[in-house]
Amino acid sequence: MRDIVLVTVDSLRADHVGWHDYERRTTPNLNDYAETSQTYTQAFAHACSTRPSFPSILTSSYALMYGGFERLSEERTTLAERLSDGGYETAGFHSNLYLSADFGYDRGFDKFFDSKSDSSVLAKLRQTVKTHVDDESRIYRLLQQIFNATEKRAGIELGSAYVDAEELTDRALSWARTTTSGPRFLWVHYMDVHHPYVPPDEYQRRFRDEPIDDRRAVQLRREMLEAPDSLSDDEVGDIVDLYDAEIAYMDAEVDRLVGTLRDEWGEDTVFAFTSDHGEEFKEHGGFSHRATFHDEVLHVPLFVDAGDSTDTYEDLVGLLDLATDTYTVCRSRVARELLR
């Protein structure tokens with residue numbers, strides 16, 4: 001049975017990666033992996049945000065099945081649970097609080113890091129609000145206004161639990177080195193491409209002469225969410241520069257992750273890559289990935305690199321199909337059992 005690495009990236013739209021013919025060099029390393037992969041040019045997320053999208057990725061079920069997407073029902077079987085039952089050692093690493101153990105995403109993982117236990121006091125407060133307070137309630141809106149106003153005025157992001165790509169990669173590789181033999185399944189979800197976009201200066205310089213400092217980047221995030229019509233064309237360009245620099249940073253870290261694992265686990269390690277949704281940059285009047293369903297928020301990159309196929313598929317596929325395709329290219333005993 002072959003080792004499997006699943007990498008998902010938050011907020012990565014398909015038309016900002018090189019193998020979808022983006023004119024900027026955002027993904028030089030991932031382009032190379034895509035060339036040796038089964039690549040799907042018409043892959044679409046089943047929702048425009050993390051919470052309703054991820055049940056499809058990790059449980060192959062639609063968001064509103066089994067009681068809905070707020071928390072994973074025990075009636076849903078996760079990919080990690082099935083692989084664990086089949087003899088895989090499993091680990092998951094991410095820092096999106098909507099994918100935390102509170103919502104059931106730790107099921108099936110022998111090792112699970114969601115940054116919640118290591119987060120700041122303010123991040124823990126934000127998680128408590130997300131978990132226990134109705135997002136339509138008056139108290140939720142009041143607390144959100146306080147956080148938002150502070151970001152806008154001071155340029156300081158309050159209470160983020162996001163772990164950057166370098167640290168997340170280090171954590172995943174540290175776990176990988178504690179394993180002695182396969183089969184192993186590793187899921188890593190990177191948050192860097194999600195706003196606020198605060199990429200390292202070296203990656204910004206690929207796309208602009210002068211880097212934007214973190215304080216200004218956080219202020220731009222607040223402006224794009226609260227007053228998108230107030231942004232000038234130059235400011236929109238700054239936001240896109242920051243977004244693309246985050247993609248480039250993620251690209252380097254994913255290459256470090258997968259390259260190291262293939263050196264240590266073997267070249268036959270399967271690598272699957274996708275995103276949970278995209279991001280809007282005023283194509284339809286707004287930013288981010290709120291409740292719209294245009295291509296910029298639903299069309300996502302998807303490939304499965306198993307080293308034995310370089311086919312490109314232009315048929316329409318959904319992320320619900322990801323687990324099945326990964327199992328197919330693995331040609332493992334577990335895959336054959338699960339696909340009966």
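User: What should I know about the model and its numbering before reading the values?

Analyst: This is a predicted model in which local features need pLDDT of at least 70 and side-chain atom pairs count only at pLDDT 80 or more, while totals for chains, interfaces and linings use all residues. Residues are numbered from 1 along each chain as its sequence is written, and side-chain values use heavy atoms, with hydrogens and water left out.

User: Why are helix 6 and helix 9 called roughly parallel?

Analyst: The axes of helix 6 (residues 165-176) and helix 9 (residues 233-265) cross at roughly 10° and come within 9 Å, where axes are lines fitted to C-alpha atoms, for helices over the stretch in contact, and angles run from 0 to 180 degrees between N-to-C directions. Angles under 35 degrees count as roughly parallel, over 145 as roughly antiparallel, 65 to 115 as roughly perpendicular and the rest as oblique; helix 6 and helix 9 are therefore roughly parallel to each other. Helices (H or I, at least four residues) and strands (E, at least two) are DSSP runs, numbered from the N terminus.

User: Which residues make the contact between helix 6 and helix 9?

Analyst: With contact meaning heavy atoms within 4.5 Å, residues of helix 6 including Ala165, Leu173 and Trp175 meet residues of helix 9, among them Tyr249, Arg256 and Trp265.

User: What makes aspartate 114 buried?

Analyst: Buried means under 20% relative accessible area, exposed over 50% and partly exposed in between (1.4 Å probe, protein chains only), and aspartate 114 has 9%, so aspartate 114 is buried. Aspartate 114 is placed in the loop between strand 5 (111-113) and helix 4 (121-132), and, leaving aside neighbours within four places in sequence, aspartate 114 is in contact with His94, Ser95, Leu97, Ser100 and Ala101. A polar atom of the side chain of aspartate 114 lies 3.0 Å from the backbone nitrogen of alanine 101.

User: How do you know that strand 1 and strand 7 pair?

Analyst: Two strands pair if DSSP finds at least two bridges between them, and 6 bridges join strand 1 (residues 4-9) to strand 7, the two running parallel. One of the residues involved is valine 9, whose bridge partner in strand 7 is serine 275.

User: What makes strand 5 and strand 12 edge strands?

Analyst: An open sheet of 8 strands has the order 5-4-6-1-7-11-2-12, with mixed pairing. Strand 5 and strand 12 (312-313) are the edge strands, each pairing on one side only.

Key. A polar contact is a pair of N or O atoms within 3.5 Å; within protein, one must be able to donate a hydrogen and the other to accept it, and residues adjacent in sequence count only if both atoms are side-chain atoms.
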